[in-house]
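Colleague: I have a model open and would like to learn how to read its features. Could we go through them one at a time?

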Amino acid sequence: MFRYSLSVDEASDERLDKYVAIRVPALSRSKIQRLIESGYILVNGEVKKASYSPAVGDLIRVRVPPKRPDVPKAQDIPLDVVFEDDDLLVVNKPAGLVVHPGSGHPSGTLVNALLAYRPDIARADVNPQRPGIVHRLDADTSGLLVVAANREVQAALQAQFKAREVEKRYVALLHGHLTPAHAAIEAPIGRDPHDRKRMGVMREGRYARTEYTVKEHLGDFTLVEARPITGRTHQLRVHFASIGYPIVGDDKYGRRHEQIRVPRQLLHAQRLTFTHPRTEERLTFEVKLPPDFRSVLQSLRAGDEKGSS
């Protein structure tokens, strides 16, 4: 599809590149010259040289190809690899690490680290910005991610997620004394029409279900194990906030005045189960809570012990 069409109504001794540059100020002359050389500017359907002088009656069509996204560069960033073989890796992502490059995060992501650790992953996705990525965790969420090393395995794993055959279990610390001990939250989730970076429970949203089990009550806080049956964006954060028990440290959906100071949202992807696409073996991986999460729990438990003594 051509972005600009120019009809030559008057005779001119201008070169083609200058003629287009004057009439299409959005494009620099050097950019126009490159477009001419690449065959993106046609005169009456034909490629002409930049020195060609347009004649009366000529129809000049200018096509500007879409900008290709920058390919992430390999960066030597430490990775906690829990498992790997020729087809996939399971990584324990630390809090604070963004999964793939995007707005505001052109580098320093998990993808940049993966490209340094396993260069073959660069061929695992048609999207060069996120090679091998099957699912994501928020930047401030820690825990397990599976990454594909080739397109065949990536497609198979994505199909498992879509069919809800992958089991994910998270640990979260919530504000409040949550009851009952076992329950499910079913509420549709959609994008906030007033803030595109936020999600919310909305009637027109997509079906979402979260099951949880209370593990421990710690004063005015509750430690839970949560299992998202569906995989909506920010699902656990939105669901727990919607019932009045937001995740501690969540600055987007949580409470403005924290009773305790924490470095990030206390949400950890602790357990991951899926079927290996090549071997068809059912695999389960589990990792401990990271030190920052454990430290908060220890402080709360110590406070409970003092209060009960």
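This is a predicted model: local features need pLDDT of at least 70, side-chain atom pairs count only at pLDDT 80 or more; totals for chains, interfaces and linings use all residues.

Colleague: How do I read a sheet, and in which order do the four strands of the open sheet run?

Modeller: Strands of a sheet pair through backbone hydrogen bonds, either parallel or antiparallel. Helices (H or I, at least four residues) and strands (E, at least two) are DSSP runs, numbered from the N terminus. Two strands count as paired if DSSP finds at least two bridges between them. Here the order of the open sheet is E1-E4-E2-E3, with antiparallel pairing. Strand E1 (4-7) and strand E3 (46-47) are the edge strands, each pairing on one side only. E2 and strand E4 (residues 59-62) pair in the antiparallel sense over three bridges, and Ile41 stands opposite Val62 in E4.

Colleague: Is Leu42 buried or exposed?

Modeller: Buried means under 20% relative accessible area, exposed over 50%, and partly exposed in between (1.4 Å probe, protein chains only). Leu42 lies in strand E2 (residues 41-43). Leu42 has a relative accessible area of 18%, so the label is buried.

Colleague: Which strands does E8 pair with?

Modeller: E8 pairs with E14 in the antiparallel sense over six bridges, and with E13, also antiparallel, over six bridges. Lys168 has Leu272 as its bridge partner in E14, while Leu173 has Leu223 in E13. In a regular strand the side chains alternate between the two faces of the sheet.

Colleague: Why is E8 called largely enclosed by the rest of the structure?

Modeller: Because eight of its nine residues are buried.

Colleague: What is a nonpolar core, and which residues touch the most other members of the largest one?

Modeller: A nonpolar core is a set of buried Ala, Val, Leu, Ile, Met, Phe, Trp, Tyr and Cys residues joined through side-chain atoms within 4.5 Å. The largest one has 29 residues, and Leu114, Val224 and Phe240 touch the most other members. Elements that each supply at least two residues of this core include helix H3 (110-117), strand E8 (167-175), strand E13 (221-228) and helix H5 (235-242). H3 gives the largest share, four residues. Apart from this core lies another, of 17 residues, among them Val8, Val20, Val24 and Val62.

Colleague: What does Phe240 touch?

Modeller: Contact means heavy atoms within 4.5 Å. Not counting residues up to four places away in sequence, Phe240 touches Leu174, Leu178, Ile185, Tyr212, Val224, Ala226, Tyr245 and Pro246.

Colleague: How many salt bridges does the structure hold?

Modeller: A salt bridge is a side-chain nitrogen of Lys or Arg within 4 Å of a carboxyl oxygen of Asp or Glu. The structure holds 20 of them. In one, Arg169 meets Glu167 with the closest N and O atoms 2.7 Å apart; Arg169 is partly exposed at 23% relative accessibility. Both belong to a network of salt bridges that also links Glu186, Arg209, Glu211, Glu225 and Arg227. Asp192 and Arg198 form another, with the closest N and O atoms 4.0 Å apart. Asp192 is buried at 16%, whereas Arg198 is partly exposed at 26%.

Colleague: What does Arg23 do with its charged end?

Modeller: A charge sits over a ring if NZ of Lys or CZ of Arg is within 6 Å of the ring centre and within 35 degrees of the ring normal. The charged end of Arg23 sits over the ring of Tyr19, 3.6 Å from its centre. The side chain of Arg23 also meets Glu14 in a salt bridge (3.4 Å, N to O). Arg23 is partly exposed, at 38%, and Glu14 is buried, at 18%.

Colleague: Where is Lys252 found?

Modeller: Lys252 is in the loop between H5 and E14, and is partly exposed at 28% relative accessibility. Leaving out residues up to four places away in sequence, Lys252 touches Lys197, Arg198, His234 and Arg237.

Key. Residues are numbered from 1 along each chain as its sequence is written. Side-chain values use heavy atoms; hydrogens and water are left out.
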